[in-house]
Amino acid sequence: MTAIEPIDPIIAGHNSFFGVDHLSQTRGAEKAEKFANVENIVGVLRLCDDIGVSAVMMSTHPRAAEVSRVLAAQSELVSRIRIYPLVPYIQKYVRGSNEKGLANLIFDTLGQAPLGQRLALMLKGGKGVMHNDLEQMLRLLLDVELLPFKNLKLGAVFLHDALTDLALGLGLEHILTIYRRHVEETYGVQAGLTTKNLPLLRDRLEAMGWTNPLVMASLNAAGFYVNPSLEQCAETVRRPGLDFVAMSTLASGHLHPDEAYRYLGQFPEIRSVVVGMSRREHLEETVQTLRQHLPWLDNRGREEPCPSEIRE
Amino acid sequence: MIDPQIRVGIAGLGKMGLVHAGILNGLRGSRVVAAADPSKWARSALGELTGSVEMFTDAEDMIRSAELDAVVIATPVDQHVPMCMACVDKRLPFFVEKPLTTDAGQAEGLVQQLRERRMAHMVGYMTRYVDSFVKGRELVRSGCLGPIQRVTATIYVSQLFRRGKGWRYDKTLSGGGVLLSQGSHLLDLLTWYLGPVARVNGRVQSVYSQEVEDFAHIFLEFSSGVTGWVDSSWSVRFRRMVEITIELQGVDGNLIVTDDTVRLYLERGFGELSPGWNVWNAVDLYRPVEIDIGGPQYTREDAAFLDAVRMERPGDIDMDQAIHVQRIVDAVYTSSAANGAPEEVSA
């Protein structure tokens, strides 16, 4: 396998593009209006690129395909920007399972896969769902979710916390291993996990023999979306052997960047930080404040990636 | 002494069944030992993957024969009452998803049985565990608004813009449309805030669905005399997620509660609350949980049920409260069929 490249030290967040706002749904809807024109999204990405942030998270929102198409046409920008897909777009599954039921939704989604892969799965599916078929189906679902990004450069793929945490709760952590193998083998990038239960996830991954897992979770002084406690999460981040990406660092805009990043400055173990882009006019200042309090970030990005493996 | 883990069986492996299974298997005090679903696909997927969960095709079969301390019922609505009755027969504590039943009449026997035996049970109106709605109730109950004059409330989501597939849109299986499926959350919150509803006028409207309503407009009169209106739809645009807004006006102020924010306006100070605007956002209100799968409210809800099981008493949302919500919905349907004529909510 070819060497996997290290992830970017600063990754632009995507929530405001798609109307996601954890502090206020009303504010989220306002942002969605602002970014209703895809050109505005590309404009923000260009602004990020100008200040040396050439990485962006991207959920597989229904509009992701449109954004990807417009982005792919910007040849000089697209050669530098790396996309970090967050799969799947969970609202699609929540609303879709309300609309037609979970099983119908999964089969409809699989229906979007390329014909050859679909046929292979159907042939196996006819004999009942056996373990290999389930694995095959999970791989295919991932491929379908990643279709919108096929012409773009990926930095890493992240699994949505709803799925990571459901697998964790159900005791199905080995699904995470299937996910990781598939992403690394098929896309040649690191397979990250997003979670709202960082200490528990880390314990379970280590029990399965994972070393240096790439994990993204909320970390902020307000303790917003941090479970089961800020103290336990802080301890988990500090313990060596975790490739940690901090998100919700401003607690959805509740904290001022200076206060928020001063807090993160206590954690030299942080590998990468996701920066929200809702404050477009303040973006440069925000990134500057981040670099000031976490000066190691940009150097860390050029290091060799942590050798990560699944020991069995 | 550490309590032994509560052994849970899950009836129905749809979205909510999986969320409860994840939480109840993840919490230290309980574990999932059995699950039932008629779909071979769901059963073999989960059974194959976990290996340790005993799988059943028929949930009543699971309730009768598995070694369980508690059951979670997350099947289509028409099966809720028969499943609850099977649990009552075995004196097995149960949690049943909302709405309780397709119509109040179906549940009368169950309500009677549970009044006679004070056993552990709970109905899953989970919005009562959302931080902002908890804060809202605390403020309403504090009396800071003075006598309440009126209430207006909405629940909206962009979900259905063509004919829906699945049991939710089949009236025999679901009992109703957006009012029963989602509006019932709002009616539960309003009765939690303001007490029982005495009468309603209602109009429901179907646009995309054939058998169930996509819009519901209701005028409510509470037993306390407070009046107000509720509007509910799953076919409005620009609502990425289910959004609830409750606005109360009192003699001394206004209270606006949404899923993430609480805004209180007071004419004069009340205890520690200052005159003018008092605002709490999602970060102010956030409290961490032992394990978060799909939102802390589900963890708190399941923890409340486990408490009820341990204490051998009804949980926070008992059958009497759930049947009242059902009767309000039934009254709205009756009123709508009579062109919005006033309809008493049966006691």
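## Lining of the cavity

The lining consists of Leu170(A), Ala21(B), Asn25(B), Val32(B), Leu46(B), Thr50(B) and Val53(B). Two or more of these residues come from each of α1 (15–26) and α2 (40–50) of chain B.

The space in this cavity is about 30 Å³, and the count is 1 cavity of 30 Å³ or more. A cavity is a set of points on a 1 Å grid over the protein atoms alone where a 1.4 Å probe fits but cannot get out; lining residues have an atom within 4 Å of a point. Points are joined across faces, edges and corners, and the volume is the space filled by probe spheres set on them.

## Sheet of chain B

An open sheet of 6 strands has the order β3-β2-β1-β4-β5-β6 (chain B), with parallel pairing. Because β3 (54–56) and β6 (121–124) of chain B each have a single partner strand, one side of each lacks a neighbour in the sheet. Strands are DSSP runs of E with at least two residues, helices runs of H or I with at least four, numbered from the N terminus; pairing requires at least two DSSP bridges.

## Basis

The model is predicted: local features need pLDDT of at least 70, side-chain atom pairs pLDDT 80 or more, while totals for chains, interfaces and linings use all residues. Residues are numbered from 1 along each chain as its sequence is written, chains are lettered from A and ligands numbered from 1 in the order written, and side-chain values use heavy atoms, without hydrogens and water.

Key. 1 Å grid on protein atoms, 1.4 Å probe; cavity = no way out; pocket = protein on both sides within 12 Å on 5 of 7 lines; lining within 4 Å.
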